[in-house]
Amino acid sequence: MELIVKNLDLSFVSGGSEAHALRGIDFSVKEGEIHSLVGESGSGKTVTSTAIMRLLLSPPARINSGEIILDGINTLKMQEKEHRKIRGKKIAMIFQEPSKYLNPTLKIGKQITESLILHLGMDKKEAVLRALAILETVGLGGGKRVLNSYPHELSGGMKQRAMIAIAISCNPDFLIADEPTTALDVTLQLQILELILSLKEKLSMGILFISHDLRVVHDISDRISVIYAGKIVEGTSKNELFSNPLHPYTQLLLKSIPDAEKRGTRLTTIPGKVPDAENIPTGCAFHPRCPKAQDICREKEPEMKEYIKGHFSACHFSQGEGF
Amino acid sequence: MDQILKLINVTKIFSGHGIVSSKHNIFKAVNNVSFNIEKDTIFGLVGESGCGKTTLARSILLLDPPTYGEIVFLEKDLTKLSGKQLLPFRMKMQIVFQDPHSALNPKLTIYKSMKEGLSNRNYPKDKIKSRIEELLDVVGITPSHMYRFPHEFSGGQKQRIVIARALSMEPELLILDEPVSSLDVSIQAQIINLLLDLKEKFRLTYLFISHDLNLVAYLSDRIGVMYKGRIVEIGDTDNIIDNPGHPYTLKLFSSAPGKMEIGIHNNEEKDDPLPIPPDGFVFSNDNGEANTFKLIQVEDGHLVGCYKKIGN
């Protein structure tokens, strides 16, 4: 089973202006794999994930082309009614701020059993038993108390666990985790990352992990795609990406991370900032910030090529063993 | 070397009772914190949210005066000074907050925001404009943009403006409270480099507060680890990284993402063994008997907090 996003191109249109948020996104997530999408804010990470979940309001969102294939079926062709049957059941999502996405007026128990009753047709008693088991899985032992709690009675880490419990309640094949640890402290972050890893292993879920933090991505991913200005610029396995980054953007991102070993030296910086989706530079979108940019970069958009087996990069000057 | 800031037993207690219950609650947000910051150095303060980092920063600036303890800045105990006497010291000590969006008045142009401080310290009127241009230039903002409003700038640019405004007071100590946490990775590096350049240029001293251990380890000369209102470990950066003593420091280090890159605890062939607490004491995360907490020196300038063992 595989989640495949093919050449997804999406714009936000309002009034006369058009923001080209995604410009042909390609990647796939396999069962039992964590695939990370890493990039800076405004690069299109969250748009990609909300497009997969069909949570974008349309208009202003407009899908220009592309396919989102889940289990062999192009979900973009589905009617809303059909899509509702797979959302939450086959593919679920967790968000950065659990307090925003949990319903403050409903007890956690109600929020978990809701989808069990809807998707799996359980009766209430069954659903409660299953909810208790799920809470155990996400490390909220003593589940009875949690079931009867409102979100405000839980701490930040517990809320994130509760949201994960809701997401995995119907045993989905795929989980999208959109910056799930960004709002948490380091020690809690580790716990949630470990929980996500255990979900991958125990339930062999395919996980699309979205983050801006390369260090977190390093700890959790099997494969990584780097996204810049609505396009994947590099994609490969974790070890390959960290040991042999091919795209200048990835190289610079890795160099700009501070750590103790770089003490006494200046960090490598990327001049400028991420371009506006309404105003994407011509040619390679990264060229205004790229130290290696030549005339060709301004004129021609580089294609994604496989330079080393399983290692793709979209740069005119990437070099590998070649094919 | 000169000590620019000396904290002696700084304690901040918040007290009060709830809306319903009349029980009087006492909370020690900062508990007996003592450390010194030497001139021209960067002192990194790490800890998780709620440990008292920001309360301590606010206490040092006397925005929230400490309940007791001494804050000796430029050899004067600030807690004993009146508001008026404080003024010159306040200028010498500036703070940059985490969120640049809320640190700038949205209704004022950058020029007006920056002019306010300069006028208040009686800067010659005819030189204010050129001074602002100069400061903006130093932090990498085009001076001609000074008549723009904050919303016309990006987060990174706003943080640069906030830093320029702090510099306008010609401070000696800059308290940086998570100054890059809300910024993107590539922008973070730009601001960090800017801070390092400014430090050299103006011979500044930084108190750098952050929850990001990698960042603090990269920047600081000395590190203090804060936990539940207490400094539980303090020492030179190398000592803290190579030879952490307190269990909480260890926990923070092992939780920090991207261990590959710092390679701290994966390193099996460490020469120095972990520090050993003296007889009868234990390095512990638990709050033991409050009055038995003390910092013990394990090597030169490296202190680790421990509790007296109870009973056996």
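I began with chain B: of its 312 residues, 43% count as buried. Buried here means that 20 or more other C-beta atoms, placed from the backbone, lie within 10 Å of the residue's own.

A note to myself on the source: this is a predicted model, in which local features need pLDDT of at least 70 and side-chain atom pairs count only at pLDDT 80 or more, while totals for chains, interfaces and linings use all residues. Residues are numbered from 1 along each chain as its sequence is written, and chains are lettered from A in the order in which they are written.

**Chain B overall**

I looked up the secondary structure of chain B and found eleven helices and 13 strands. Helices (H or I, at least four residues) and strands (E, at least two) are DSSP runs, numbered from the N terminus.

Next I checked contacts, where two residues qualify if their C-beta atoms, placed from the backbone, lie within 7 Å. In chain B, 65% of the contacts with a separation of 6 or more are between residues 24 or more positions apart.

**A pair of helices in chain B**

Two packed helices are described by the angle between their axes and the distance between the axes. Axes are lines fitted to C-alpha atoms, for helices over the stretch in contact, and angles run from 0 to 180 degrees between N-to-C directions.

Which residues of H4(B) meet H5(B)? I found B:Tyr111, B:Met114, B:Lys115, B:Leu118 and B:Ser119 on the H4(B) side, meeting B:Ile128, B:Arg131 and B:Ile132 in H5(B). The residues of this contact divide into five nonpolar, one polar and two charged. For these classes, Ala, Val, Leu, Ile, Met, Phe, Trp, Tyr, Cys and Pro are nonpolar, Asp, Glu, Lys and Arg are charged, and the others, Gly among them, are polar.

**The sheet in chain A**

I then turned to chain A, where eight strands form an open sheet of mixed pairing, in the order E6-E7-E8-E3-E9-E10-E12-E11. Strands pair if DSSP finds at least two bridges between them. Strands E6 (91-94) and E11 (305-308) of chain A are at the edges with a single partner strand each, so one side of each has no neighbour in the sheet. From one strand to the next, the twist averages 20°.

I also followed E10 (residues 231-237) and E12 (residues 311-313) of chain A, which run antiparallel and are joined by two bridges. A:Glu234 has A:Ser313 in E12(A) as its bridge partner.

**Where the chains meet**

Last, I looked at the contact: 27 residues come from chain A and 28 residues from chain B.

Methods. Buried ≥ 20, exposed ≤ 12 C-beta atoms within 10 Å, placed from the backbone.
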